[in-house]
Every structure is written in structure tokens, then in C-alpha cells.
Amino acid sequence: MSTYVYGITTGSHPSLPDGMEGVGEPARQVRIIKEGDLAAVVSDAPEGLRPKRRDLLAHQNVLAETGAAASVLPMRFGSVSPDDAAVAGVLAERADHFKERLEALAGKVEYNVKATHDEEAVLHRVMSENPEVRALTEANRKAGGGSYDDKLRLGEVVVAAVQHREVEDAAELQRALEPVAAAISVGPESTGWLANVSFLVERASAEDFIAAVEEVRKGQPHLEVRLHGPLPPYSFVEPGPSEPAETHH
């Protein structure tokens, strides 16, 4: 039977609570596979697992219970290995990497920050900040609205100015929050967000990070900023671009 992997921790990790249950219906018993100095928190993998609410919560709960006692590298929902031997093989093969990551992530959590523009507010800001937009708007107003081509030109200039503002705002958001984070991981570009960034934050300084997000909200009222966390540090199991892996020669 294939093996469902919740996370990786140290071999000296205290044992899990008795009768701890994971994903599946009926829920599968959670157990530990030890290999050298490492251990994987696993269960049997249910057939045809889908990301249903009950199973997502079970996955999170196992990680929360494991992480409460020691550092854990969280696997994303749905991580399945062919069998226990394959899991032990990966632990042995990538032992140095997993140990380095466990050390790097000890005492840290992840916060995901997404930002988008308030459309009306950003248009207002572009109009007030951009001389070309102001000049074209004024010329069109004097010409009683302007010709079709004039309106088209204004539209193109406004769109370009808003896109430029998106790039600027994404960079500014990152600049403002980077100093209060240990590392960053930029998420995939997806429609609808001008920024989608995960930050690795010391659990002890989480309040400082949340305060910094509030400062961005106050200072950039044309931005809608969403903060999600604290989360297990999913985005940092592999080193991100802002945190190069140690090279072993």
C-alpha cells in the first residue's frame, strides 16, 4: 500500500499522541518511519484522495501536533510515496538537505501576503501623479470629451500607468516587509494579484511582521492587502531564491 507523508522531522522527535488519526475515511492511523537521524510522519494513503475539507484539516492537524513538540518540514497536501521503504530511501538520500532545512526553519512560521489594487483608488492616484495622464485628460475635457482617437490614447496611457504602478507597488510591498522576515518566496504570478509573496518569520517576532503589514495598508490605501497565516512553512521546504542552499564541495 502507498504511504501518505505529512512531514519530516528529527529522529529524536518525541512520540506522537496515542491513536492520532490522519487523512481518509475511515481515518488512517498516523505513524513514524525512522531513518538515521530523521523521521517521517506518515499513514497509509487512502484510495482516490481528494482535497476535501475534512482531509485538509486532518493534514493540518497532524502537522500542528507534530510541530508543537519540535521542528517539522511540512509536506503539501497529497504527498504520496510508493511505500514505507521508498520514504526511508528519500530520508537517507537527502539527509543533509532535510537536516539543513529543519535547522533553518526551527521556530519559524510562514505568512502569505497577497495584494491587489482598489481600482477606483489607483485610477485616482494615477490621475494625480502622472503628468501625461493629467495633460491628456485636460485636453480632452477642453475639446468637449475629445475624439475617439484621443480617448483611445488616454485609455492606453492610463492602462500603462496602472501596470507600472503594479510593478512599483509589488516591489515596495516586498521592500517594506523583507526586513522583518528571515526569508521570502515569491509565489507564481496569477491573474488578479499584483503581489503574491510568502515570508518566513520568526514565531517570536510575528507581531512585528503583522504590524509591518498594517503599516503598508495605512501607507498605501489604494492597495488591498490580504494576510494569511501563521502557516507551516510550506514554501521553504526547498530553499527559495532569497535563501541559497548551502553548497557542499
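Throughout this tour, contact means heavy atoms within 4.5 Å. The model is predicted, so local features are given only at pLDDT of at least 70 and side-chain atom pairs only at pLDDT 80 or more, while totals for chains, interfaces and linings use all residues. Residues are numbered from 1 along each chain as its sequence is written, and side-chain values use heavy atoms, with hydrogens and water left out.

**The whole chain**

Begin with everything shown as a cartoon, where 7 helices and 9 strands can be picked out; helices (H or I, at least four residues) and strands (E, at least two) are DSSP runs, numbered from the N terminus. The radius of gyration is 24 Å, well over the 18 Å that the globule rule gives for 249 residues, so the protein is more spread out than a compact globule. That radius is taken over C-alpha atoms, and the rule is 2.2 Å times the number of residues to the power 0.38. Along the principal axes, the C-alpha atoms fill a box of roughly 75 × 40 × 35 Å. If you colour by accessibility, 39% of the 249 residues come out as buried, where buried means under 20% relative accessible area, exposed over 50%, and partly exposed in between (1.4 Å probe, protein chains only).

**The sheet**

Next select β6, β7, β8 and β9, which form an open antiparallel sheet in the order β7-β8-β6-β9; two strands pair if DSSP finds at least two bridges between them. β7 (183-186) and β9 (223-231) are the edge strands, each with a single partner, so one side of each has no neighbour in the sheet. From one strand to the next the twist averages 20°, with axes being lines fitted to C-alpha atoms (for helices over the stretch in contact) and angles running from 0 to 180 degrees between N-to-C directions.

On the β7 side, 4 bridges hold the antiparallel pairing with β8, and Ala183 stands opposite Leu200. Colouring β8 by burial shows a mostly covered strand, with 7 of its 8 residues buried.

**The cores**

Stay with Phe199 and show its surroundings: leaving aside neighbours within four places in sequence, Phe199 is in contact with residues including Val109, Tyr111, Val113, Leu177, Ile184, Phe209 and Phe236. Then select the largest nonpolar core, which has 21 residues, and in which Val113, Leu173, Leu177, Phe199, Phe209 and Val225 have the most contacts. A nonpolar core here is a set of buried Ala, Val, Leu, Ile, Met, Phe, Trp, Tyr and Cys residues joined through side-chain atoms within 4.5 Å. The elements giving two or more residues to this core are β6, α6 (148-177), β8, α7 and β9, and α7 gives the most, with 5 residues. Apart from this core lies another, of 19 residues, among them Leu73, Leu91, Phe98 and Phe236.

Move to Gln220, in the loop between α7 and β9. Is Gln220 buried or exposed? With a relative accessible area of 10%, Gln220 is buried, and, not counting residues up to four places away in sequence, Gln220 touches Arg125, Asp169 and Glu172. For the second stop, select Glu156 in helix α6, which counts as partly exposed at 47% relative accessibility. A distance drawn from C-alpha to C-alpha puts Glu156 9.8 Å from Val133, the two being 23 residues apart in sequence.

**Two cis peptide bonds**

Finish on the backbone, where a cis peptide bond joins Glu25 and Pro26, with omega about 0°; Pro26 is found in the loop between β1 (3-10) and β2 (31-35).
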